[in-house]
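Let us take some labels apart and see what stands behind them. Here is the model.

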Amino acid sequence: MNMITFMIALSLALSIALTALNFWLAQMTPDSEKLSPYECGFDPLGSARLPFSIRFFLVAILFLLFDLEIALLLPLPWATQLQDPTTTLTWTSILILLLTLGLVYEWVQGGLEWAE
């Protein structure tokens, strides 16, 4: 048996053993205290299952999009030192222009307004 097969078999066996141990030792008796929503020691004021506004998700998606933009533009100073930096700068300009147009579109459509 080669080393890779042994390591895969060992990790699989260890994973199965730990999962089985978790199911065996876990306490499966939830009570009303554990099932109630936590609000700093006070009695719950309302239902904890109210839906969030879609605007929270929109802001999260915009954050991830622009965070990804920063990750893509981070190696740009090193890319300008290549033999032909005009291609890199062209693609960078296209990316920034596309994201700016998307942000302007969201702004014009009113997707960034909190108050209606």
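Q: What makes a stretch of residues count as a helix here?
A: A helix is a DSSP run of H or I with at least four residues. In this predicted model, isoleucine 54 lies in helix H3, which covers residues 54-73.

Q: How many helices and strands does the protein have, and in what order do the elements run?
A: There are five helices and zero strands. From the N terminus on, the order is α-α-α-α-α.

Q: Why is isoleucine 54 called exposed?
A: Exposed means over 50% relative accessible area. Isoleucine 54 has 63% relative accessibility, so the residue counts as exposed.

Q: What makes Ile54 part of a surface patch?
A: Patch residues need over 30% relative accessible area and no salt bridge, and nonpolar side chains are joined within 5 Å. Ile54 belongs to a nonpolar patch with Phe52, Phe56, Phe57, Val59 and Trp114. Together they have about 710 Å² of accessible area.

Q: How much of the protein is buried?
A: Buried means under 20% relative accessible area. Of the 116 residues, 8% are buried. The protein exposes about 10,700 Å², and carbon and sulfur atoms supply 72% of that area.

Q: Where does UniProt place the feature "transmembrane region"?
A: The unreviewed UniProt entry puts it at residues 52-76 and 88-108. Such annotations may be inferred rather than shown by experiment.

Q: What do these spans look like in the model?
A: Residues 52-76 are 84% helix and 0% strand, with end C-alpha atoms 38 Å apart. Residues 88-108 are 100% helix and 0% strand, with end C-alpha atoms 30 Å apart.

How values were computed: Residues are numbered from 1 along each chain as its sequence is written. This is a predicted model: local features need pLDDT of at least 70, side-chain atom pairs count only at pLDDT 80 or more; totals for chains, interfaces and linings use all residues. Side-chain values use heavy atoms; hydrogens and water are left out. Helices (H or I, at least four residues) and strands (E, at least two) are DSSP runs, numbered from the N terminus. Patches are made of residues with over 30% relative accessible area and no salt bridge: like charges are joined within 9 Å, nonpolar side chains (Val, Leu, Ile, Met, Phe, Trp, Tyr) within 5 Å. Accessible areas come from the Shrake-Rupley method with a 1.4 Å probe; for residues, only the protein chains shown count as cover. A salt bridge is a side-chain nitrogen of Lys or Arg within 4 Å of a carboxyl oxygen of Asp or Glu. Buried means under 20% relative accessible area, exposed over 50%, partly exposed in between (1.4 Å probe, protein chains only).
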